[in-house]
Amino acid sequence: MSYEKYERIAPLYDVLDKAYEVSWKRRLRNDVFRDADGLILDAGAGTGCNIPFYPRNARVIGVDNSPGMLVRARKRAAKEGISAEFLEMDLTRTRFPDDHFDVIAATFVFCVLPEELQLPVLREMRRICKPTGTIRILDYTMSKKAPVRLMMRVVSPWLNFAFAARYTAQYESYLPEARLAPVRNDFVMGDVVKLLVLSPEGKQGGDVSQREIAALRRG
Ligand SMILES: C[S@@+](CC[C@H](N)C(=O)[O-])C[C@H]1O[C@@H](n2cnc3c(N)ncnc32)[C@H](O)[C@@H]1O
């Protein structure tokens, strides 16, 4: 469902999302990649809106299951002079080996994944994340404030129609089952957008160091 949607909207995605991108998304993307180092995965990279925030000293691989979106990401990277790789892959079953990435970033991807794929994708991310690595999720949550909730309900049909997305994805509730522990869990725009930084639990040689956790919490 989201595959067909993104293949169809790929040429329009940046135009449709521009108002959000310029008014607030850009600012938050910077936070996701701050202090990211080593080998980084941009999971569900889309048209490459995160590219300007990729750390210059890191190696980045972007994956998406929509070739149409990836074409645009590659063009954007070339235009910005960034040497990232973009590969077609499904996030439920990537072709990466275990314990591969230092940082896995997923920005506005869980709001698009159907509910039944949230846990499989979190598990796959844990599998390919290094024991000392982090998984960083920037995504929507439903507001607890009545007027904001109402506004989100009003906008929901558009979000679903335009982006096959929703505000109600329950990714956070699957973290214990996926064995991912939050080291940072902050609202970064009202109580509507969250930045979650997760550490894979119980992997040999694992645990993000206390120093790194302190740095991540400082944001
Ligand atoms: C809302 S867009 C976000 C794109 C980008 N991360 C950003 O912040 O602008 C969601 C992206 O997730 C991709 N996607 C959805 N389900 C996927 C899956 N199972 N495997 C890989 N990519 C997927 C879509 O093709 C789309 O490019």
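Author: Let us begin with strand pairing: two strands are said to pair if DSSP finds at least two bridges between them. Helices (H or I, at least four residues) and strands (E, at least two) are themselves DSSP runs, numbered from the N terminus. In this structure Pro-182 stands opposite Leu-198 in E7, and Leu-180 stands opposite Pro-200 in E7. Two points on provenance belong here. Residues are numbered from 1 along each chain as its sequence is written. The model is predicted, and local features need pLDDT of at least 70, side-chain atom pairs count only at pLDDT 80 or more, while totals for chains, interfaces and linings use all residues.

Reader: In which sense do E6 and E7 pair, and over how many bridges?

Author: E6 and E7 pair in the antiparallel sense, over 8 bridges. The two strands form a hairpin with 3 residues between them, and Gly-190 in the turn has a positive phi of about 50°. On its pairing with strand E5 (residues 129-140), E7 is again antiparallel, here over 6 bridges, and Tyr-140 stands opposite Val-193 in E7.

Reader: How is burial judged, and why is E7 described as largely enclosed?

Author: Burial is a count of neighbours: a residue is buried if 20 or more other C-beta atoms lie within 10 Å of its own, exposed if 12 or fewer, and partly exposed in between, with C-beta atoms placed from the backbone. Strand E7 (residues 193-200) is largely enclosed by the rest of the structure because 7 of its 8 residues are buried. In E6 (residues 180-189) we find Val-183, which is buried because 20 other C-beta atoms lie within 10 Å. The C-alpha atoms of Val-183 and Leu-117, which are 66 residues apart along the chain, are separated by 23 Å.

Reader: What does a sequence separation of 66 residues look like for Phe-110 and Gly-44?

Author: Phe-110 and Gly-44 are 66 residues apart in sequence, and their C-alpha atoms are 9.3 Å apart in space. Phe-110 sits in the loop between strand E4 (101-107) and helix H4 (115-128), and Phe-110 counts as buried because it has 27 C-beta neighbours inside 10 Å. Leaving aside its neighbours within four places in sequence, Phe-110 is in contact with Gln-118, Ile-137, Asp-139, Ala-169 and Tyr-171.

Reader: Which value does phi take in Phe-108?

Author: Phe-108 has a positive phi of about 55°, although it is not a glycine. The loop between E4 and H4 holds Phe-108, and Phe-108 counts as buried because there are 22 C-beta neighbours inside 10 Å. Ala-164 lies in the loop between H5 and helix H6 (175-178), and it counts as partly exposed because 19 C-beta neighbours lie inside 10 Å.

Reader: How should I read the length of H5, and where does H5 bend?

Author: The expected span of a helix is 1.5 Å times one less than its number of residues. Helix H5 (residues 146-163) has 18 residues and reaches 24 Å from its first C-alpha to its last, close to the 26 Å expected. A bend at a residue is the angle between axes fitted to the seven residues ending there and the seven starting there. H5 bends by about 40° at Val-155, and a proline, Pro-157, follows within four residues.

Reader: Which residues come nearest to the ligand?

Author: A residue is near a molecule if its C-beta atom, placed from the backbone, lies within 6 Å of it. Of the 21 residues around the ligand, Tyr-6, Gly-44, Gly-46, Asn-65 and Thr-107 come nearest. The shell divides into 11 nonpolar, 8 polar and 2 charged residues, where Ala, Val, Leu, Ile, Met, Phe, Trp, Tyr, Cys and Pro count as nonpolar, Asp, Glu, Lys and Arg as charged, and the others, Gly among them, as polar.

Reader: Is Tyr-6 buried or exposed?

Author: Tyr-6, which is found in helix H1, counts as buried because it has 23 C-beta neighbours inside 10 Å. Leaving aside neighbours within four places in sequence, Tyr-6 is in contact with Ser-66, Gly-68 and Met-69.

Methods:
Two residues are in contact if their C-beta atoms, placed from the backbone, lie within 7 Å.
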